[in-house]
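Please look at the sequence and the model before turning to the solutions.

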Amino acid sequence: MKLVEVALKVPLNRTFDYLVDESHRSKLAIGKRVRVPFGKRELVGVVLTIKEDTNLADDKLKSIYEVIDEQPILTATYLKFLQFCSRYYCFPLGETLFTALPAALRNGDAIDKLATQMLKPSEQGSAKVRGKKQQALLDYLIENRACSIGEIKALGFTQAQIKSLEDKSLVERFIAPPTTWQSDVIQINHKPVLNAEQATACAAIKQVEAFSCFLLEGITGSGKTEVYLQALEDIVKQGLQALVLVPEIGLTPQTVNRFRKRFANLPIALWHSNLSDNERLEVWRQVETNECAIVIGTRSSIFLPFAKLGMLIVDEEHDASFKQQDGLRYHARDLAAYRAATLQIPMILGSATPALESLQHAISNKYRLLTLSQRAQTATANQFHLVDMKGQIAQQGFAGITLQTIQDTLARGKQVMVFLNRRGFAPTLICHECGWLSNCHRCSSNATYHKGIAQLICHHCGDVNTIPRQCPDCGSTQIMPTGLGTEQVAEFLNAHLPNTPITRIDRDTTRKKGSFEEALDEIRSGGARVLVGTQMLAKGHHFPDVALVVILDVDSGLYSSDFRATEHMAQLITQVAGRAGRSGEPGKVLLQTHFPEHPLLQDLVNNGYQDFARFALTERQEVGLPPFSHLALIRAEGHKFEQVLQFLSDLVPKQRLAGIQLLGPLPAPLERIAGKFRYQLHIQAESRNVLHHYLAQLSDYINSHPLANRIRWSIDVDPIDMY
C-alpha cells in the first residue's frame with residue numbers, strides 16, 4: 001500500500017496520511033504539491049514523505065486527487081529549513097510551509113504561469129515629458145536600460161505613469177529573456193576607495209570561505225553599505241546569489257538604486273509586501289532558477305528558495321521590523337544566521353546600534369566584530385546637547401532655545417528634523433471641568449485626536465469616533481487636546497515659520513501609494529526645510545542637508561515595564577541623531593528632557609551607544625535576562641477574562657521545574673484591545689535546549705486543552721515586544 005504524508009495549511013500541529021492511486025504513483029516526489037480532500041473541502045498540500053504503512057484504519061484513509069507539480073517546488077535542504085522554523089517557533093508545520101510560499105503557489109497555481117514583464121526606453125525615449133514622476137521614470141529606465149514592472153512599482157512609480165509613457169511611445173514592454181548573468185563579465189561602476197577601517201572589514205569578510213557571521217558595528221554615516229557592496233563582488237563573480245535584508249519597504253528604493261548603480265548588468269529583484277501575488281511568484285521563480293543574482297527584501301524574503309545562495313546581509317539588524325508579530329512569529333535575522341550556518345556561507349549583520357544579543361555573540365566570539373568608527377562624510381562627530389525642560393516656558397513642546405536653534409539652522413539654508421514618535425494631533429482629549437479622557441471603549445488606551453479629519457482614532461484597534469461637542473460625563477464644552485503629536489507639531493511650525501516648507505512624514509501622510517517617495521524627493525531636493533516625523537524617518541535614510549535633529553519627549557522611553565525599553569530608546573535616539581551631519585560638517589542634536597541627569601542619557605551623550613550597550617549587557621547578566629537566558633511568552637486573549645486566566649493558569653505546573661522559571665499569568669501592559677482581555681505567561685530558561693524541550697511538551701498539552709479552541713493563544717519564542 002503506497003501512502004504519502006502531507007502537510008496542510010490548517011491550525012493543527014500534525015500531518016496527514018493519504019492513499020496514492022496507481023495513476024499518481026510515478027508522479028510523486030517529496031516537495032511536490034498535491035490536491036487532497038479534507039473534510040468537505042479540497043486543499044493544497046505538500047508531500048513530506050512517501051511510505052508504506054500508517055497507524056490509521058483503512059476506512060479512514062482517503063486518496064489524493066492530483067499531483068500538481070512536475071518537479072518538486074521544495075528541495076530537501078529548503079524543506080529541512082522550514083521544518084526547523086516550525087520546531088523552533090512552535091508553529092504547525094503545514095502553516096509554516098504555506099507561510100513561506102507565495103499566495104499563487106498556496107492556491108495551487110502552476111509555478112510557470114507567468115513570464116517576467118520588463119520595461120525599456122523606446123527609440124524616442126530620450127524625449128522630455130512634462131510630468132515630474134514620468135520624467136523620473138524615463139530617466140531611471142534610460143540609466144538602467146531595462147527594469148521589471150515589479151521593480152518599477154516598488155520604486156514608487158504607478159501603473160498610470162507607466163501607461164502614460166507607453167501611450168506616448170517613449171517606453172515599451174517585453175518579456176525578460178533567459179538570463180546569462182553567471183557567464184557574463186560583471187560590470188562594476190562608481191567604486192570608491194575605501195578608508196582603512198572599511199578596507200580591513202572587506203578583507204576579513206572576503207577571506208572567509210565557510211560560515212562566519214560578521215557583526216559590522218559602524219556609526220551612522222560610516223559607509224556600511226559600501227562594505228556590503230564590495231564584499232558582494234567576489235560572491236556574484238562566482239555565480240552565487242545574495243540576499244540583502246532591509247527592515248522597511250521605505251528603504252528598498254534607495255537601496256536598490258545604490259546596488260543597481262554598482263552592479264549595472266546584474267539581475268536584481270525586490271521582495272516586499274507591496275508586490276502583487278503575480279509579482280511575488282515571478283521573483284520566487286527567478287530566485288529558484290538562479291535567474292536572479294541579488295534580492296533586496298524585507299523580512300519574509302528570508303523564505304525565498306535560493307538555488308545558489310552565497311551570502312546573507314542583514315542591514316539595520318537591530319530593527320524590530322525583522323520580527324514577525326503574528327502567525328509564525330519568526331525573527332528574520334535569527335533565521336538568516338541559521339540558514340547561513342546550514343549552507344556554510346558568510347553573513348554580515350550591519351548596524352550603528354547592534355541588538356544586545358548580537359553584540360554578546362560578538363563579545364563571546366561566536367560572531368566576528370568589525371568596527372567602523374569614522375564617518376565617511378564628516379571627520380567630526382555630531383554634537384549632542386541635553387535641553388532641560390524643567391521650569392521652561394515651552395511653546396507646543398518646544399523650549400525657547402530649541403526654537404532659536406531651529407531658526408539659526410534654517411537661516412544657513414540647512415534642514416532641520418523634528419522627531420516625535422507619536423502621530424496624530426494629540427494623544428487624547430480631556431475635559432477641563434471634570435477630567436474626562438477620550439478613552440477607547442474597546443481598549444485599555446486613549447483614542448488619539450486627529451484634527452485634520454476631525455476624528456478620534458484608536459491606534460490599537462482602529463475604532464473611529466467623531467469629536468464630541470460636549471463632555472459625555474459632565475456636559476461641559478471645555479474639551480481640549482492634551483499632549484503632542486506630529487500633526488500638532490507640524491501645524492505649530494507652519495505658523496511659527498511661515499516662509500519655511502514643512503514636510504510631515506508619518507503613517508497618516510504616507511498612506512497614498514507613492515506619497516512617501518514624493519516626500520523623500522522633496523527633502524532631497526535641498527534648501528531650508530523642516531522635517532517632522534515618527535520613526536519612519538529614523539531608519540537608514542540619507543538626508544545630506546539635515547544639520548539639526550530635535551528629539552521631543554525623550555522621557556517617554558526612559559521608564560517602562562519592558563526590560564528592553566532602554567535598549568530600544570538608546571537605539572532610536574542614536575539612529576535619529578545619525579540623520580544629521582551627513583554632508584561634510586558635524587551636525588547638532590538637541591534632546592529635550594525633564595531628566596537630563598538620567599544615566600542612559602548621560603551615557604549616550606558622553607560615551608555613545610557602544611559604551612551604553614556594553615554597560616547594559618553587564619546589567620542584563622547580573623539579573624539573568626536575555627541574552628544570558630532564553631525567553632518565551634505565551635499570550636492568550638478572549639472576550640471573557642475568566643477563560644483567558646483559567647487557560648494560562650492551567651499551564652503552570654504544580655511543582656517547580658529544573659532550569660525553568662515561570663512568571664504569571666499576568667495582564668499584558670495593554671490589558672484590553674478590541675474588546676479582548678489579554679494575559680501572558682512568561683517562561684524563562686537557563687539554556688535554549690531546556691526551553692524548547694519544555695515548550696514542545698507544553699504545545700502538546702495546549703492543543704488538548706478544552707479552552708484552546710475558545711480563546712486565541714500563541715507562543716512567542718525570543719519575543720522582542722512584551723506588549
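Each exercise below gives a task and then a solution in steps.

The model is a predicted one, in which local features need pLDDT of at least 70 and side-chain atom pairs count only at pLDDT 80 or more, while totals for chains, interfaces and linings use all residues. Residues are numbered from 1 along each chain as its sequence is written, and side-chain values use heavy atoms, with hydrogens and water left out.

**Exercise 1. Give the strand order of the open sheet of five strands and of the open sheet of three strands.**

Strands of a sheet pair through backbone hydrogen bonds, either parallel or antiparallel. Here two strands are taken to pair if DSSP finds at least two bridges between them.

Begin with the five strands, whose order is β2-β1-β4-β3-β5, with antiparallel pairing. At the edges stand β2 (16-19) and β5 (66-67), each with a single partner strand, so one side of each has no neighbour in the sheet. Strand β1 (residues 3-8) pairs with β2 in the antiparallel sense over four bridges, and V4 stands opposite Y18 in β2.

Continue with the three strands, which follow the order β7-β6-β8, again with antiparallel pairing. The edge strands are β7 (147-148) and β8 (171-175), each of which pairs on one side only. Strand β6 (residues 117-121) and β7 are joined by two bridges in the antiparallel sense, and L119 stands opposite C147 in β7.

**Exercise 2. How many aromatic pairs does the structure hold, and which charged residues lie over the rings of F174 and F677?**

A pair of aromatic rings is described by the distance of the centres and the angle of the planes. Rings of Phe, Tyr and Trp (its six-membered ring) pair if their centres lie within 6.5 Å, and planes under 30 degrees apart count as stacked, over 60 as edge-to-face and the rest as tilted.

The structure holds 14 aromatic pairs. One of them joins F398 and F492, which are stacked at 5.7 Å centre to centre with 25° between the planes. This pair links distant parts of the chain, 94 residues apart, since F398 is in the loop between β16 (383-388) and α14 (400-411) and F492 is in helix α15 (residues 486-496). Both F398 and F492 are buried. Elsewhere, Y78, F81, F84, Y88, Y89, W284, F303, Y330 and Y338 form one aromatic cluster.

For the charges, the criterion is that NZ of Lys or CZ of Arg is within 6 Å of the ring centre and within 35 degrees of the ring normal. The charged end of K120 sits over the ring of F174, 5.1 Å from its centre, and R672 lies over the face of F677, at 5.7 Å from the ring centre.

**Exercise 3. Locate P627 and list its contacts, then treat the backbone of Q396 and A454.**

P627 is found in the loop between α18 (599-623) and β27 (630-638), and a cis peptide bond with omega of about 10° joins P626 and P627. Leaving aside neighbours within four places in sequence, P627 is in contact (heavy atoms within 4.5 Å) with L356, E357, Q360, L617 and R620.

Q396, in the loop between β16 and α14, has a positive phi near 50°, and at 34% relative accessibility Q396 counts as partly exposed. A454, which lies in the loop between β19 (448-450) and β20 (455-457), has a positive phi of about 50° although it is not a glycine, and at 43% relative accessibility A454 counts as partly exposed.

Methods: Buried < 20%, exposed > 50% of the residue type's maximum accessible area, 1.4 Å probe, protein only.
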